[in-house]
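Have the viewer open as you read.

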Amino acid sequence: MSSLAQSHLRETFELNIGPQHPATHGVLRIKVVMDGEYIDRAEPILGYIHRMHEKMGENRTWNQFWPNMGRLDYLSAMAYNHCYAGLMERAAGIEVPERAEYIRVITAELNRIQSHLLGFGAYIMDLGGFTPLMYAMDEREQILDLLESVTGSRLTYCYFRFGGVYNDIDDDFITGTRAFLKRFRPQIPMYHKLVTGNAILMDRLIGVGPVSAEMCRKYGATGPVLRGSGVNYDIRRNEPYSVYPELDFDIPVYKECDSMARYMVRMDEMVQSCRIIENALNKLPEGPVMAEKVPKALKPPNGDYHYAVEAARGTFSMRTVSDGTNTSYRMRLRSPTYSNVSLFEEASRGMLLSDALAFLGSLDPVIPEMDR
Amino acid sequence: MNELIRLLSYMICIAAFLGLNLAYLGWVERKGAGHIQRRTGPKDVGPYGLLQPLADGLKLMSKQLIVPANADRPLYMCAPILTMVPAVLLFVAIPFGEHLVPREFNFGLLMMFAFASVGGMSILIGGWGSGNKYSLIAGARAVSQNVAYEIPMLITAITIVMITGSMDLNEIVRQQGGFFWNWNVFRLDKSILMPVSFLVFFICSLAETNRTPFDMGECEGELVAGYHTEYGGMGFGLFMMAEYANLVIGCSLTTVLFLGGWQCPFGLFPGPHWFLLKMYFLIWCFVWIRWTYPRTTFWGLLNLSWKYLIPFSLVNLLLTALFIKVF
C-alpha cells in the first residue's frame with residue numbers, strides 16, 4: 001500500500017476537512033495532503049472556538065470562574081467541576097463533608113456514562129451506521145433527566161461548590177438512578193450483540209489506527225486512548241482523589257492499540273461506572289452536603305496548586321498560582337483531547353482517508369475542550 | 001395507431017407508478033428508519049406523515065439553484081438529468097404481469113445492463129462537474145465501485161440466460177411458472193449454488209444502487225455528501241429520486257431473474273400483485289440493511305467484489321454449464 005504512496009508518479013492535492021465537516025465533531029479543521037485516497041500528511045488546525053478560558057480564570061474571581069467549567073467539555077462537565085472544586089479545596093484547605101464527595105462521584109460517573117454513550121453513538125455514525133446513535137440517545141436522555149433533577153441543567157453543569165455541592169440529592173434521584181442502572185445494564189450486552197459483533201464494524205476497527213504506548217507517552221495522550229494501548233493509567237487509581245479509593249471498580253485495559261481497543265475500553269468503562277454508582281449509592285452516608293464557614297470571597301494563600309481528575313476523555317488537570325487575592329494569578333487547564341488529537345498527525349500518515357476519519361472518531365474529540 | 005395508444009398509456013402509467021414510488025419510498029424509508037431507531041419518523045404533515053413527500057418536493061422545487069463558481073456548468077447541469085433518464089427508461093422492459101409489459105424485447109436483460117451503466121457515469125459527471133474535491137473523490141469511488149460490481153452481476157445474469165435460454169425478461173419469468181421450487185433461486189437441478197448466486201446478485205444490486213453498506217458515493221461521514229455535495233434544490237432532488245428509481249429497478253430485476261416475477265409461489269392466480277409483493281419485500285430488505293449496517297471502506301468493498309463475488313460467480317457459471325451439459 002505504501003509503495004503506491006512512494007511511487008514516482010505521485011501527485012498530491014490538498015484537502016481541507018472542516019472547520020465545518022460532519023466527521024470532525026465540531027469546528028476542527030484538518031489540513032490533509034492527499035495522495036489519491038491515501039493521506040500523506042494531516043495537520044489538525046485548532047483555534048476556531050478558542051474562548052480564552054485560561055485568561056478568563058485570571059480576570060474573574062474564584063467563584064465567578066465556576067460557569068466556565070461547564071463549558072469546556074460539554075459532554076463530561078461534571079468531572080471538570082470536580083477538578084475545580086478539588087483544586088480550590090486543596091488550595092484553601094476546605095474539608096468537604098463525606099456525603100458531598102459521594103454525590104460528586106455519583107453525578108460525575110453518571111455524566112461519564114452519558115459521555116461514553118454519545119461517544120459510542122457518534123463514533124458508529126462516523127462509520128456510517130446511524131441507528132446506534134438513536135439507541136444511545138435514548139439511554140442518555142434518562143441520565144440527563146436524572147442530572148437535571150438535581151443540578152438544574154442538562155449539559156453545562158455548575159453544580160459543585162467550594163466545600164460541597166449546592167443541592168442535596170433526594171429519594172427520587174436515588175430510586176431513579178437505581179432504576180436506570182437496572183434498565184441500562186442489559187443494554188450493553190445488547191449493544192455488543194448488535195454493533196460490536198458486526199463483521200463490517202470489526203473489519204473497520206480491528207488493526208486500524210495503531211497508537212503505541214510509546215506514542216501516547218510522546219504526546220501525552222490519556223484516557224481511553226492510553227488504556228486502549230495497554231497502559232494501565234487512570235487518575236482515579238494512580239492519584240486517587242475524592243472517595244474513589246473506597247469504591248470497588250476495575251480499570252479496563254486493552255493491549256491491541258487499535259480503534260477496537262479504544263472502543264472496547266469505553267464500552268467497559270460504562271459497566272465499571274455502573275458499578276461505581278451502585279457502590280456509592282449503597283455507601284451513601286447521611287449528613288450535610290456543604291462544608292461550614294466557606295468564605296464567600298475565597299482568598300487562598302500564596303502558592304502553586306495542582307489537581308487532576310479522570311474525565312471521560314482522559315486526564316483533566318488544573319494548575320493555578322494564587323497570590324492571595326480573590327482572583328487567580330495564573331490559571332492553566334490541561335485538557336485531554338488536546339493531547340489525544342496531537343497524535344493524529346503522526347498516526348494518520350499513510351492511512352486511507354476513510355480509515356483516518358474512523359481513527360479520529362476513536363479519539364473521541366470534543367472541540368471546545370481542545371480549544372478552551 | 002393502436003400500438004401508439006398502447007405505448008402512450010403505458011408511458012403515462014409508468015410515469016405515475018414511478019412518481020408514486022419515488023415519492024413514497026422516501027416516506028417508507030424514513031418511517032422504517034424511525035421504527036428501527038426507536039422513534040416515530042415523519043408524522044406531522046398529513047395522517048402518518050403521508051403528505052411529507054409532497055412537502056419535501058415543494059421545498060426542493062422552491063429552492064434557488066446555486067451553481068458553484070468553479071463548476072463545469074454544462075456537466076453540472078446535465079448530471080442530475082442524466083442520472084434520471086436511464087432509470088426511467090429501464091421500466092420499459094420490466095414485465096409487471098404476463099400481459100402487463102410495455103415492450104417485450106428479445107434483449108430486455110441486455111438493455112437493463114446497458115442503461116444501468118449510464119447511471120454510474122452520471123455520478124462521475126456530477127462529481128467532476130461540481131468542482132469540489134469531495135465530490136470528485138466520491139465520483140471516482142462510485143465509478144470504480146459500479147465497474148467492480150457490474151461484473152459479478154453480469155456473470156450471474158449470464159447464468160440465468162444459460163438456464164432459461166432467453167434474454168427476454170418475460171420469457172424468463174414464464175419459465176419459472178408453477179410452484180416456487182421452479183423459481184431460479186431454487187433451481188438446484190441447474191446448479192447447486194443457485195441460492196448463493198441469488199445472494200451475489202442481491203449484494204451487487206445493493207452496491208449498484210449505492211446504498212449502505214456500499215454507499216461510497218455518499219459517505220456523509222467522510223465526504224460530506226459525496227457527489228451531490230454541491231447540488232441543492234431539485235438537482236439534489238433528482239439524484240435522490242434516481243436513487244429510489246434504481247432501487248425499484250434493482251429489486252424488480254432481482255424479482256424477475258430469481259424470484260419468479262409475477263408467478264405465484266403455489267401456481268395459483270399469477271399476476272402483477274405477486275410481482276409487486278416480491279419487489280416491495282426486497283425493497284424493505286434494502287431499507288432494513290441500510291439502517292442496520294455501518295459502511296465498509298472503499299478497499300473492503302473492492303476486495304469483496306474482486307476476491308469473493310467474481311470468483312464465486314465464475315464458479316457458478318461453470319457449474320451451471322456443467323449441469324446443463326450433463327443432465
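This is a predicted model: local features need pLDDT of at least 70, side-chain atom pairs count only at pLDDT 80 or more; totals for chains, interfaces and linings use all residues.

Local features are only reported where pLDDT is at least 70, and side-chain atom pairs only count at pLDDT 80 or more.

## Chain A: helices plus strands

Chain A has 17 helices and 8 strands. Its C-alpha trace spans about 75 × 50 × 30 Å along the principal axes. For 372 residues, a compact globule would come out with a radius of gyration near 21 Å, and chain A agrees with its 21 Å. Of those 372 residues, 60% count as buried.

As for contacts, take the ones in chain A with a sequence separation of 6 or more: 71% of them are between residues 24 or more positions apart. The accessible surface of chain A is about 14300 Å², and carbon and sulfur atoms own 52% of that.

Chain B comes to 10 helices and 0 strands, so reading along the sequence gives the pattern α-α-α-α-α-α-α-α-α-α. The C-alpha trace of chain B spans about 65 × 50 × 45 Å along its principal axes. The globule rule puts a 327-residue chain near 20 Å in radius of gyration, and chain B, at 20 Å, agrees. Of its 327 residues, 54% count as buried.

If you look at contacts in chain B between residues at least 6 apart in sequence, 76% join residues at least 24 apart. Chain B exposes about 14300 Å², with carbon and sulfur atoms supplying 74% of it. There are 21 positive and 18 negative side chains in chain B, and the centres of the two sets lie 5 Å apart.

## Salt bridges

How many salt bridges does the structure hold over all chains? The count is 35. One of them pairs A:E139 with A:R183, where the closest N and O atoms are 3.9 Å apart. A:E139 sits in helix α6 (residues 131–151) of chain A and A:R183 in helix α7 (residues 171–184) of chain A, so this pair ties together parts that are 44 residues apart in sequence.

Still in chain A, the side chains of A:R154 and A:E148 meet in a salt bridge at 3.0 Å, N to O. Here A:R154 has a relative accessible area of 27%, making it partly exposed, and A:E148 is partly exposed too, at 33%. There's also a network of salt bridges in chain A, linking A:E109, A:R112, A:R227, A:D234, A:R236, A:E269 and A:E310.

Over in chain B, B:E243 forms a salt bridge with B:R290, the closest N and O atoms being 3.7 Å apart. B:E243 belongs to helix α8 (residues 233–258) of chain B and B:R290 to helix α9 (residues 272–290) of chain B, so the pair ties together parts that are 47 residues apart in sequence. B:E243 is buried at 6% relative accessibility. B:R290 has a relative accessible area of 18% and is buried as well, because the cut-off for buried is under 20%.

You'll find A:D364 in the loop between α16 (353–362) and α17 (367–371) of chain A. At 5% relative accessibility, A:D364 counts as buried.

Chain B has a case of its own in B:R38, a residue other than glycine with a positive phi near 60°. B:R38 lies in the loop between α1 (2–36) and α2 (52–61) of chain B. Its relative accessibility is 33%, so B:R38 counts as partly exposed.

Conventions. Residues are numbered from 1 along each chain as its sequence is written. Chains are lettered from A and ligands numbered from 1 in the order in which they are written. Side-chain values use heavy atoms; hydrogens and water are left out. A salt bridge is a side-chain nitrogen of Lys or Arg within 4 Å of a carboxyl oxygen of Asp or Glu. Helices (H or I, at least four residues) and strands (E, at least two) are DSSP runs, numbered from the N terminus. Buried means under 20% relative accessible area, exposed over 50%, partly exposed in between (1.4 Å probe, protein chains only). The radius of gyration is taken over C-alpha atoms; the globule rule is 2.2 Å times the number of residues to the power 0.38. Contact means heavy atoms within 4.5 Å. Accessible areas come from the Shrake-Rupley method with a 1.4 Å probe; for residues, only the protein chains shown count as cover. Lys and Arg count as positive and Asp and Glu as negative; His and the chain ends are not counted. The place of a charge is taken as NZ of Lys, CZ of Arg, CG of Asp or CD of Glu.
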